[in-house]
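Me: I have a structure here that is new to me. Please go through it with me and say what each label rests on.

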Amino acid sequence: MANQETIIKFEKVSFNFSHDKSILNEVSFSVRKGMKVALMGQNGAGKSTLFKLLTRVLEPDSGEIFVDKKMTVATAYQVILPSDMSLNVVEYFRKHSNFDTFEVKRRMAAVLDAVNLNLHQPETKLVSSFSGGQQARLLLAAALIQNPDLLLLDEPTNNLDAAGIAHLTSFLMTYPKSVVVISHDSEFLNAFTQGVLYLDSFTQKVEQYSGNYLDVVAEIAARIDKENRLNAQKARGIQENKDKANFFAHKGGKMRNVAKKMREKIELFESEKVDVRREDKTIRPFVIPVQTDIPNDTLKITSFTIMKHHQQVTKPANVILMKRRHLQIVGPNGIGKSTLIESMAKGTQPGLIIPKSLRVGYYRQDFSTLNFDQTVYQSLTAAMSEAGESMSEEKLRSVASGFLLTAEVVKSKIANLSEGQKGLVAFARLVLLKPGLLILDEPTNHINFRHLPVIAAALDAYEGAMILVSHVPEFVAQIRVDDVLDLEK
């Protein structure tokens with residue numbers, strides 16, 4: 001490459017998932033050595049796909065991708081594969097690096113410390129026993145153990161508590177090598193990024209900007225405002241000339257020549273109109289209806305189990321959750337929040353009393369409540385059936401559209417959707433399910449930040465009983481919380 005400082009270069013790269021599903025259209029951009037760059041775009045735009053093209057997991061349909069061959073590249077993806085859950089930590093590191101067991105053990109302590117993951121007997125600890133926050137740290141550690149020259153991070157703050165995000169932010173600020181990160185967390189991105197690659201889902205192009213995240217957002221907003229004003233001015237000129245052309249065209253004689261000149265002016269104005277980048281769409285405001293025959297005493301907790309010093313500890317409790325009451329469960333990563341609310345959703349938690357007639361809407365952070373083999377259409381149809389409601393094509397399509405699930409997406413298998421789109425499917429299901437009890441485990445994970453105020457408003461207004469686990473204080477602050485169960489106290 002001509003520029004030795006350039007470590008990544010895309011030249012007119014195009015990629016399609018199928019003949020009618022374009023992801024990238026002649027995309028060109030470059031990344032220099034040592035840069036820390038945010039990769040942004042709407043849910044489903046193709047950000048994770050771009051990572052796979054960069055690492056040659058996928059190959060482009062056309063164009064060239066240049067990656068410095070002397071450079072080592074490691075990726076921390078959003079979720080741990082189901083096939084990896086049965087591995088212990090040493091086996092997991094071995095699978096996701098080129099090192100033997102001796103080298104993995106030699107490097108392991110340093111990378112676990114770097115991601116603030118304190119493990120007891122990692123040689124025997126299974127990945128399946130990790131909390132969501134611990135899994136997020138493990139994904140990052142598996143990338144760091146390779147000591148990469150280029151670190152690719154896909155939504156690294158998902159499932160992390162405030163302390164975990166602060167630790168990761170501090171680490172990245174001092175990391176001496178190159179980083180490209182996908183994230184919807186603006187505060188996190190603004191702390192360390194020096195540029196933004198914006199993948200526009202409408203044009204399938206990548207726009208490149210320099211500066212930190214907030215600078216870039218302000219620059220984009222100013223440009224869009226300027227272009228909208230310019231186009232409005234051109235539109236007025238077009239309309240005025242159309243009116244004049246129509247008037248003179250009916251006058252005959254020399255006036256027809258005047259009309260012709262007016263039409264030429266219209267064509268000029270049309271050619272000067274600017275293509276304005278369409279802002280990310282936001283989901284429509286929505287309501288989660290409540291089960292009509294909801295029991296009055298929805299749920300009672302007399303005890304719960306947590307992990308303390310790597311041991312299970314059972315604590316007494318006296319929590320009664322009724323209709324219109326919202327409960328937040330808090331505690332640090334690894335204490336057992338997700339395990340607790342999963343057992344609540346399944347009705348298997350000792351010390352839990354829950355009426356059999358209660359319909360539970362459960363939002364899991366890993367979306368494992370969704371059947372990945374189903375299409376979105378089949379999944380939404382099943383939710384309506386669970387609610388005892390007869391199938392309504394019009395209602396299903398209307399709810400799907402409100403969550404930006406287009407006709408094309410509705411026909412797709414859930415397994416083929418981005419993580420953000422899976423989250424939107426999960427929320428659409430809750431609307432159609434009409435639950436009496438809503439259980440939400442990290443509902444902001446993978447979701448475009450533009451959608452979060454709309455989701456928060458819907459949860460705040462929910463009239464049933466609700467249990468919420470979230471590490472995002474700005475999100476929780478927008479939702480009515482009546483009671484807090486602190487698992488540490």
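**What the labels rest on**

Reply: Leu 440 stands opposite Leu 468 in β16. The model is a predicted one.

Me: What makes β15 and β16 paired strands?

Reply: Two strands pair if there are at least two bridges between them. Strand β15 (residues 437-441) and strand β16 (residues 465-469) are joined over five bridges, in the parallel sense. The pair therefore meets the condition of at least two bridges.

Me: Which strands belong to the open sheet, and in what order?

Reply: The sheet has five strands, ordered β14-β15-β16-β12-β17, with parallel pairing. β14 (360-363) and β17 (483-486) are at the edges because each has a single partner strand, and one side of each is left without a neighbour in the sheet. From one strand to the next, the twist averages 15 degrees.

Me: Which helices lie on these strands?

Reply: Helix α9 (residues 337-346) lies across β12 (326-330), β14, β15 and β16, and runs at about 155 degrees to β15. Helix α13 (residues 419-433) also packs on the sheet, where α13 touches β14 and β15. The direction of α13 makes about 170 degrees with that of β14.

Me: Why is α13 called largely enclosed?

Reply: A residue is buried if its relative accessible area is under 20%. In α13, 15 of the 15 residues are buried, so the helix is largely enclosed by the rest of the structure.

Me: How do you know what span to expect for α13?

Reply: The expected span is 1.5 Å times one less than the number of residues. For the 15 residues of α13 the expected value is 21 Å, and the helix reaches 21 Å from its first C-alpha to its last. Just after α13, Lys 434 takes a positive phi of about 55 degrees.

Me: What makes Glu 103 and Arg 106 a salt bridge?

Reply: The side-chain nitrogen has to be within 4 Å of a carboxyl oxygen. Between Glu 103 and Arg 106 the N to O distance is 2.7 Å, so the pair qualifies. The two residues are three apart in helix α3 (residues 101-114), which separates them by about one helical turn.

Me: Are Glu 103 and Arg 106 buried or exposed?

Reply: Glu 103 has a relative accessible area of 17% and is buried, because the limit is under 20%. Arg 106 is at 54% and counts as exposed, because that label needs over 50%.

Me: Why is the pair of Lys 177 and Asp 149 still called a salt bridge?

Reply: Their closest N and O atoms are 3.8 Å apart, which is within 4 Å, so the name applies. Lys 177 lies in the loop between α5 (162-174) and β7 (178-182), and Asp 149 in the loop between α4 (132-144) and β6 (150-154), so the pair ties together parts that are 28 residues apart in sequence. Asp 149, with a relative accessible area of 27%, is partly exposed.

Me: How many salt bridges does the structure hold?

Reply: It holds 18 salt bridges. Glu 342, Lys 346, Arg 364 and Asp 366 are linked in a network of them.

Note on methods: Residues are numbered from 1 along each chain as its sequence is written. This is a predicted model: local features need pLDDT of at least 70, side-chain atom pairs count only at pLDDT 80 or more; totals for chains, interfaces and linings use all residues. Side-chain values use heavy atoms; hydrogens and water are left out. Helices (H or I, at least four residues) and strands (E, at least two) are DSSP runs, numbered from the N terminus. Buried means under 20% relative accessible area, exposed over 50%, partly exposed in between (1.4 Å probe, protein chains only). Axes are lines fitted to C-alpha atoms, for helices over the stretch in contact, and angles run from 0 to 180 degrees between N-to-C directions. Contact means heavy atoms within 4.5 Å.
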